[in-house]
Amino acid sequence: MITFESWNELQNQVPDFPADSETKGALETLQWAYDTYGEKLVYACSFGIEGIVLIDLIAQVKPDAEIVFLDTHYHFKETYETIDKVKARYPQLNIRMQQPEMTIEEQAAQFGPDLFATNPNKCCEIRKIIPLQKALAPSTAWISGLRREQSESRANTNYLNLDNRFEKIKVCPLIHWTWKEVWRYVTKHELDYNVLHDQGYPSIGCAPCTKPAFSMDDIRSGRWSGSGKTECGLHTTS
Ligand code: SF4
C-alpha cells in the first residue's frame with residue numbers, strides 16, 4: 001500500500017524527467033517506471049489514440065509488458081478490431097481483457113435494462129472501476145495515457161501521481177503531449193489506430209456513451225454528452 005510517507009520519500013528519489021526530450025519525457029518516464037516497478041507495473045489501456053502511442057513507446061522499453069483492457073462488453077466493434085491489429089504488431093506484449101463479473105443480461109436483471117442510461121455511474125462502477133481494482137490488485141503502479149491538455153480536470157496531472165482511489169502510483173508519461181503531437185507520432189510511425197477517430201470521435205469509450213465530439217476545443221465532449229457526467233471514475237479521487 002502507498003502511504004503519504006512513502007509517497008513523499010518517492011518524490012525525493014525520482015529523477016527530473018526531461019519535458020523537452022524527443023518524446024517529451026515519455027520514454028524516460030517509462031524506462032524509470034519499469035526499472036523501478038518491474039512486473040508490478042501494468043498499463044490500463046483503452047486503445048484510443050494516446051494508447052496507440054503509449055503502446056509503441058512501452059514496446060521499446062519492455063516488449064513483454066502487461067497491458068489490460070477493461071472489456072465492458074459495450075465497446076465498438078472498431079475498438080476490438082484495433083486491439084487485434086495491435087496484438088498482431090506487438091506479439092510479445094501480454095494484452096489481457098479484464099471482464100466485469102456480470103454479463104449485460106445479469107446486470108439488466110438486477111438493475112433494469114440500459115443501466116448506462118438510468119445510472120451511468122453505477123454502470124461504470126460495475127463494468128470499469130471494480131474490474132480495474134481487480135486488475136491492479138497485484139500491482140504497485142499503473143500507467144495511464146492522460147494528457148494535461150485533455151480537460152481542466154487533467155491540467156495538473158504529473159508524470160507520477162498518488163492515486164488515492166486505487167491506492168497505487170499512477171504513471172502518466174504523456175502529460176506534455178498535445179493532440180497534434182500525438183497524431184504526428186502515429187503518422188510518422190505508421191501505427192494502426194481506431195478508425196472511429198477519422199469519423200469524428202477523438203475520445204472513444206463504450207458505444208452507448210460515446211458520440212462524435214461537438215467541438216475539437218473539448219475533445220471529450222462526445223463522452224456521456226447531455227448527462228452531466230464527464231469521467232468514468234477511473235481518474236477521479238472518489
Ligand atoms: Fe456503462 Fe457507459 Fe460506463 Fe461503459 S461508459 S461502463 S456503457 S456507463
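Predicted model: local features only at pLDDT ≥ 70, side-chain atom pairs only at ≥ 80, totals over all residues.
Buried means under 20% relative accessible area, exposed means over 50%, and partly exposed is in between, with a 1.4 Å probe and protein chains only. Residues are numbered from 1 along each chain as its sequence is written, and side-chain values use heavy atoms, leaving out hydrogens and water.

**Helix α3**

- Helices (H or I, at least four residues) and strands (E, at least two) are DSSP runs, numbered from the N terminus.
- Helix α3 covers residues 49–61, which makes 13 residues.
- From its first C-alpha to its last, α3 reaches 19 Å, close to the 18 Å expected at 1.5 Å a residue; the expected span is 1.5 Å times one less than the number of residues.
- Most of α3 is covered, with twelve of its 13 residues buried.
- Among the buried ones are Ile49, Glu50, Ile52, Leu54, Asp56 and Val61.
- The buried residues of α3 pack against α2 (26–37), β1 (41–44), β2 (66–70), α4 (77–89), β4 (141–143) and α8 (179–188), where contact means heavy atoms within 4.5 Å.

- Gln150 sits in the loop between β4 and β5 (160–163).
- Gln150 counts as buried because its relative accessibility is 10%.
- The side chains of Gln150 and Glu50 are joined by a polar contact of 3.3 Å, and Glu50 is one of the buried residues of α3.
- A polar contact is a pair of N or O atoms within 3.5 Å; within protein, one must be able to donate a hydrogen and the other to accept it, and residues adjacent in sequence count only if both atoms are side-chain atoms.

**Around the ligand**

- Ten residues surround the ligand, and the closest are Pro120, Cys123, Cys124, Cys206 and Cys209.
- The shell divides into eight nonpolar, no polar and two charged residues.

**More on helix α7**

- Lys122 and Glu125 meet through their side chains in a salt bridge (3.8 Å, N to O).
- Lys122 and Glu125 are separated by about one helical turn because they are three residues apart in helix α7.
- Glu125 is partly exposed, with a relative accessible area of 32%.
- Leu136 is found in helix α7 too, and Leu136 is buried, at a relative accessible area of 2%.
- Leaving aside residues up to four places away in sequence, Leu136 touches Val42, Trp142, Phe166 and Lys168.
- Leu136 and Lys168 are 32 residues apart along the chain, with 8.2 Å between their C-alpha atoms.

**Other salt bridges**

- A search of the whole structure turns up nine salt bridges, each a side-chain nitrogen of Lys or Arg within 4 Å of a carboxyl oxygen of Asp or Glu.
- One of them joins the side chains of Glu39 and Lys62 (3.1 Å, N to O).
- That pair links distant parts of the chain: Glu39 is in the loop between α2 and β1, Lys62 is in the loop between α3 and β2, and they are 23 residues apart.
- Glu39 is exposed at 61% relative accessible area, whereas Lys62 is buried at 15%.
- Salt bridges link Glu39, Lys62 and Asp64 in a network.
- Arg147 and Glu149 also meet in a side-chain salt bridge (2.7 Å, N to O).
- Arg147 counts as buried because its relative accessibility is 0%, while Glu149 is partly exposed at 46%.

**Positive phi values**

- Most residues other than glycine have a negative phi.
- Asp114 has a positive phi, near 50°, and is not a glycine.
- Asp114 lies in the loop between α5 (104–111) and α6 (115–118), and Asp114 is partly exposed, with a relative accessible area of 44%.
- Glu190 has a positive phi of about 50° although it isn't a glycine either.
- Glu190 is found in the segment after α8, and Glu190 counts as exposed because its relative accessibility is 65%.

Key: Near = heavy atom within 4 Å. Nonpolar A, V, L, I, M, F, W, Y, C, P; charged D, E, K, R; others polar.
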